[in-house]
Amino acid sequence: MKRSTDINNQIKYLPLGFFDSGVGGLSVYARFKKILPNENTIYFGDLKNMPYGSKSKDELLSCSRRILDFFEEKRVKAVVIACNTSSATTYEIIKNEYNFKIYPIIQSCAKVISDITMKKVGVFATTATINTSAYKRELQKYNPEIQVYETACPNWTSYIENGLADSEECVVDVSEKVKTMLLNKPDKIILGCTHYPYLMKTLTKYAPEDIFLDPAEIFVEFIKSDLTKSGMLNSAGKTGLEEFYVSANPKEFVKNAKLFYEVRRLPIVI
């Protein structure tokens with residue numbers, strides 16, 4: 001018993017890994033660091049393969065495995081899939097391939113979201129996520145009566161990553177998607193991509209802010225609770241170490257990261 005406790009005491013100080021195709025996952029990461037600042041963390045942005053939303057399942061599996069192999073080498077205690085597309089398309093396949101815990105955003109948040117009193121829910125997400133019907137499947141697993149309306153927004157991630165969130169093209173695209181979704185009279189609209197909260201200024205021109213649901217806050221609370229229950233929460237009384245890695249374009253990453261989180265040094269390219 002003591003040996004098990006000693007192992008946990010050692011493991012809890014290891015870093016958590018976070019990954020996304022770009023800076024969108026920083027919307028989750030920023031919330032996590034605010035709530036658990038003493039955790040050691042490693043963030044990986046796969047800019048070389050961005051955007052994920054238009055990629056095939058096999059391509060996404062290859063990306064996920066390469067990143068998880070990297071995290072395995074870095075000896076992380078767990079990995080946070082801060083990417084709805086990867087959560088939807090690859091998690092169920094790769095979840096048992098590694099010795100560390102993997103937290104997928106969609107599956108982790110589904111029960112909490114389904115407990116919210118609502119009959120209809122909309123989902124804005126990437127094409128790859130929508131093609132899996134992951135949100136509909138996971139929400140109806142806990143609430144079979146809920147009606148789920150899913151809409152693919154294939155260009156939204158690119159608008160954000162390329163600094164075009166305020167462009168006329170983006171505004172028109174967002175307005176059309178929101179107006180069409182509102183015809184379904186949803187109680188809530190899930191922002192099913194970690195990039196999308198950055199579009200809130202535009203989204204709220206066409207619908208009230210409280211109709212939009214950002215799963216990031218729910219997700220971080222779920223991770224905190226699970227780490228606590230498993231005795232894996234870092235109890236060190238100091239600010240945790242941060243490491244940032246990308247597969248390409250480190251300067252672009254730092255520039256766009258400011259949308260969500262301030263990265264103070266260039267990430268390492270691997």
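How far is the sulfur of C193 from the closest cysteine sulfur? The views below answer this and look at the sheet and helices. This is a predicted model: local features need pLDDT of at least 70, side-chain atom pairs count only at pLDDT 80 or more, and totals for chains, interfaces and linings use all residues. Residues are numbered from 1 along each chain as its sequence is written, and side-chain values use heavy atoms, with hydrogens and water left out.

View 1. The sulfur of C193 lies 6.8 Å from the closest cysteine sulfur, in C83. That is too far for a bond. A disulfide is a pair of cysteine sulfur atoms within 2.5 Å. For C109, the closest cysteine sulfur is again in C83, at 13 Å, also too far. By this rule, the count of disulfides is zero. C193 is buried, with a relative accessible area of 8%. C109 is buried too, at 0%. Buried means under 20% relative accessible area, exposed means over 50%, and partly exposed lies in between (1.4 Å probe, protein chains only).

**View 2. An open sheet of six strands.** The strand order is β4-β3-β1-β2-β9-β10, with parallel pairing. β4 (101-104) and β10 (268-269) stand at the edges, each with a single partner strand, so one side of each has no neighbour in the sheet. Strands (E, at least two residues) and helices (H or I, at least four) are DSSP runs, numbered from the N terminus. Two strands pair if DSSP finds at least two bridges between them. Strand β1 (residues 16-20) pairs with strand β3 (residues 78-81) in the parallel sense, over four bridges.

View 3. Contact means heavy atoms within 4.5 Å. The buried residues of α13 are F253, V254, N256 and A257. They pack against α2 (26-35), β2, α9 (156-161) and β9.

**View 4. Helix α6 against helix α8.** Two packed helices are described by the angle between their axes and the distance between the axes. Helix α6 (residues 105-114) and helix α8 (residues 134-142) pack at about 45°, with axes 8 Å apart. That makes α6 oblique to α8. Axes are lines fitted to C-alpha atoms, for helices over the stretch in contact, and angles run from 0 to 180 degrees between N-to-C directions. Angles under 35 degrees count as roughly parallel, over 145 as roughly antiparallel, 65 to 115 as roughly perpendicular and the rest as oblique. Residues making the contact include I106 and A110 of α6, and Y135 and L139 of α8. R137 lies in α8. R137 is partly exposed, with a relative accessible area of 38%. R137 and Q107 are 30 residues apart in sequence and 9.7 Å apart in space, C-alpha to C-alpha.

**View 5. Helix α6 against helix α12.** The axes of α6 and helix α12 (residues 215-229) come within 9 Å and cross at roughly 95°. That makes α6 roughly perpendicular to α12. Among the residues in contact are C109 and V112 of α6, and F219 and F222 of α12.

**View 6. D173 in helix α10.** D173 lies in helix α10 (residues 168-182). D173 is buried, with a relative accessible area of 9%. Not counting residues up to four places away in sequence, D173 touches N155, W156 and Y159.
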